[in-house]
Amino acid sequence: MEAGMRESADACEPHPRAGGIFDGQSGTIAAARGIVTAFLTTLSTHHGLTIATDIPDIARLVVSELVTNACKYAPGPCTVDVETDGVWLQLSVWDSAPTMPHAAKPEPGRIGQHGLEVVLALTDSLDIHPQAIGKRVTARLPLNH
């Protein structure tokens, strides 16, 4: 469930951004996807940016996987931030767990735990940074290919 939402598309802002604060309960993942969808729509309609046709689906899948991990492995709230410089789309998820995630070795027979593998396959970069509390996982992909 969404605990709060932030958005900034002010002309004075160097980079359009949006985000939300979530409690990690039911509805969090869908709400995070909704933030990404609304943000990309705003980029196209209000900022005139061209976005490759597959980017909205890829971005929603990436944020779904990152938020799923936050909800599954971290106690308490998480945040979602989405930002662009007009060329790159950056999706960041913060959660309260200090444990750094890692992608498991590919194992086709394994059921589950493929989320980070999916994110790595779909994005140009994935950065994981420890924070004073928890960690921030940031994925980056181009708005256009």
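**Helix α3 and the strands around it**

The cover over the buried residues of helix α3 includes α2, β5 (125-130) and β6, where covering is judged by contact, meaning heavy atoms within 4.5 Å. The buried positions in α3 (residues 115-122) are G115, L116, E117 and V119; buried here stands for under 20% relative accessible area, with exposed over 50% and partly exposed in between (1.4 Å probe, protein chains only). Helices (H or I, at least four residues) and strands (E, at least two) are DSSP runs, numbered from the N terminus.

A word on the model itself. This is a predicted model, in which local features need pLDDT of at least 70 and side-chain atom pairs count only at pLDDT 80 or more, while totals for chains, interfaces and linings use all residues. Residues are numbered from 1 along each chain as its sequence is written, and side-chain values use heavy atoms, with hydrogens and water left out.

Stepping back to the whole chain, three helices and six strands are found, and they follow one another as β-β-α-α-β-β-α-β-β. The radius of gyration is 15 Å, close to the 15 Å that the globule rule gives for 145 residues, so the chain is as compact as a globular protein of that length. That radius is taken over C-alpha atoms, and the rule is 2.2 Å times the number of residues to the power 0.38. The C-alpha trace spans about 45 × 30 × 25 Å along its principal axes. Of the 145 residues, 39% are buried. Among contacts between residues at least 6 apart in sequence, 60% join residues at least 24 apart.

Now for the strands. β3 (residues 78-84) and β4 pair in the antiparallel sense over seven bridges, pairing being called if DSSP finds at least two bridges between two strands. Within this pair, V80 sits opposite V93 of β4. The β3-β4 hairpin has three residues between its strands, and G86 in it takes a positive phi near 95 degrees. Strand β4 (residues 88-95) has six of its eight residues buried, so it is largely enclosed by the rest of the structure.

On to β6 (residues 135-142), which runs antiparallel to β4 and is joined to it by eight bridges. Two of the facing pairs can be named: Q90 has R140 of β6 as its bridge partner, and L91 stands opposite A139. β6 also pairs with β5, again in the antiparallel sense, over six bridges. In this pairing L126 has A139 as its bridge partner, so A139 faces both L91 and L126 across the pairings defined by those bridges. Four residues separate the strands of the β5-β6 hairpin, where G134 takes a positive phi near 75 degrees. Like much of this region, β6 is mostly covered, with six of its eight residues buried.

Finally, the loop between α1 (28-45) and α2 (55-73) holds A52. A52 is buried, at a relative accessible area of 12%. Leaving aside residues up to four places away in sequence, A52 touches L143, N144 and H145. By contrast, A52 and R110 lie 58 residues apart in sequence and 32 Å apart in space, C-alpha to C-alpha.
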